[in-house]
Amino acid sequence: MTQESKKIQNDGEKDRFSVFSLNIRFGLAEDGPNGWAFRKSGFPDLLGKYESDFMAFQEVNDFQGEFVRGILVNHDVIGKRESAPEYWQNNIVFYKKTWKCVRWNHFFLSDTPEEYSRFPESKWPRQCTMGLFEKGRTRLIFVNTHFDFDREVQVKSAAVVMKLLKRFPQDLPAIIVGDFNCPPSEPCRAVFTGENPELAPEGASFFKPVFQDLGHGTFHGFTGEPGHDQIDWILYRGNIEPVNREVVLDKFADIYPSDHFPLFAAFVV
């Protein structure tokens, strides 16, 4: 099997929503035949097939975000920094217009998250976007982030995310997606799951992974070979249940959309 999938059965009156996450790969990178100019041709098919309530992208140049926005005409967007430098990489969240964004926050993974900044050991100024959304009787928090490479920075970054999540109601269901640049066995995961609670704020609500024992990675470097680097995750908490999940291993328009495989999950609440 190249994907893990569970189908919805007998959901009754439960509400359903879906999420999608992809490190889109920096659009100014010199990737030869895998450069953005070639890869973007597959995005209409990719996003058409996996159009979701919440669609998160990491490592997004402005021109990539605008291209995706032209496809996702049924969505609004949060997380885009206005007047950003040419090489700026956004962590953006597209959400269907049937949802209302009550409030949202964009911050940096650093000791001063409200300012343009980074941890001293971090190679790049990494970011996070989170928002509170509602539709009818359903309210939830959605988070999109991208971690750096250093192990200690990853742990501190997870602690920042958990701390700023405390600004939102802790009794609401929440989903965290992103590129964490490390496998689930690394210590930053334990900050989210509660196995390392001393680094999480008092009273925090912890998370569970959508993908258990995936058996292969999510980074493939445009080879199509999954490898073992499962560095892209979807985590969730609260009274929601994943009922469909997939690592998208396919090409679209005969090209891989990124050097990462996209993740898709559907939930009932």
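Guide: Here is a short tour of the terms, each one set against its cut-off.

Guide: This is a predicted model, with local features needing pLDDT of at least 70, side-chain atom pairs counting only at pLDDT 80 or more, and totals for chains, interfaces and linings using all residues. Residues are numbered from 1 along each chain as its sequence is written, and side-chain values use heavy atoms, with hydrogens and water left out.

Visitor: Fine. How do you know where empty space is left?

Guide: By rolling a probe the size of a water molecule over the atoms. On a 1 Å grid over the protein atoms alone, a cavity is a set of points where a 1.4 Å probe fits but cannot get out. A pocket is an open set with protein on both sides within 12 Å along at least five of seven lines, and lining residues have an atom within 4 Å of a point. Grid points are joined across faces, edges and corners, and a volume is the space filled by probe spheres set on the points.

Visitor: What is the volume of the largest pocket, and which residues lie nearest its centre?

Guide: Its volume is about 480 Å³. The lining has 23 residues, with Glu59, Gln89, Trp124, Arg126 and His146 nearest the centre. By class, that gives 10 nonpolar, seven polar and six charged residues. Here Ala, Val, Leu, Ile, Met, Phe, Trp, Tyr, Cys and Pro count as nonpolar, Asp, Glu, Lys and Arg as charged, and the others, Gly among them, as polar.

Visitor: And how many cavities of 30 Å³ or more are there?

Guide: One. The largest cavity has a volume of about 50 Å³. Its lining includes Val60, Asp62, Arg69 and Phe94, and splits into four nonpolar, three polar and four charged residues.

Visitor: Which element gives the most to that lining?

Guide: α3, with four residues. Both α3 (62-71) and β4 (90-96) supply at least two residues each. Those labels are DSSP runs numbered from the N terminus: helices are H or I, at least four residues, and strands are E, at least two.

Visitor: Are Cys128 and Cys182 buried or exposed?

Guide: Buried means under 20% relative accessible area, exposed over 50%, and partly exposed in between (1.4 Å probe, protein chains only). Cys128 has 0% relative accessibility, so it counts as buried. Cys182 is at 3%, so it is buried too.

Visitor: What makes Ala253 partly exposed?

Guide: Its relative accessible area is 44%, so it falls in the in-between class. Ala253 lies in the loop between β11 (241-247) and β12 (263-268), and has a positive phi of about 55° although it is not a glycine. Arg25, in the loop between β1 (16-23) and α1 (36-39), has a positive phi of about 75° and is not a glycine either. For context, most residues other than glycine have a negative phi.

Visitor: Why is the pair of Phe54 and Phe142 called stacked?

Guide: Let me start with the count: a search of the whole structure finds 20 aromatic pairs. Rings of Phe, Tyr and Trp (its six-membered ring) pair if their centres lie within 6.5 Å; planes under 30 degrees apart count as stacked, over 60 as edge-to-face and the rest as tilted. Phe17 and Phe267 are stacked, at 5.3 Å centre to centre and 15° between the planes. That pair links strand β1 with strand β12, 250 residues apart, and both Phe17 and Phe267 are buried. As for yours, the ring centres of Phe54 and Phe142 are 5.1 Å apart and their planes are at 15°, so the pair is stacked. Phe54 is in strand β2 and Phe142 in strand β7, 88 residues apart.

Visitor: Where does a charge sit over a ring?

Guide: The rule asks for NZ of Lys or CZ of Arg within 6 Å of the ring centre and within 35 degrees of the ring normal. Arg189 sits over the ring of Trp233, 4.5 Å from its centre, and Arg126 lies over the face of Phe149, at 5.2 Å.
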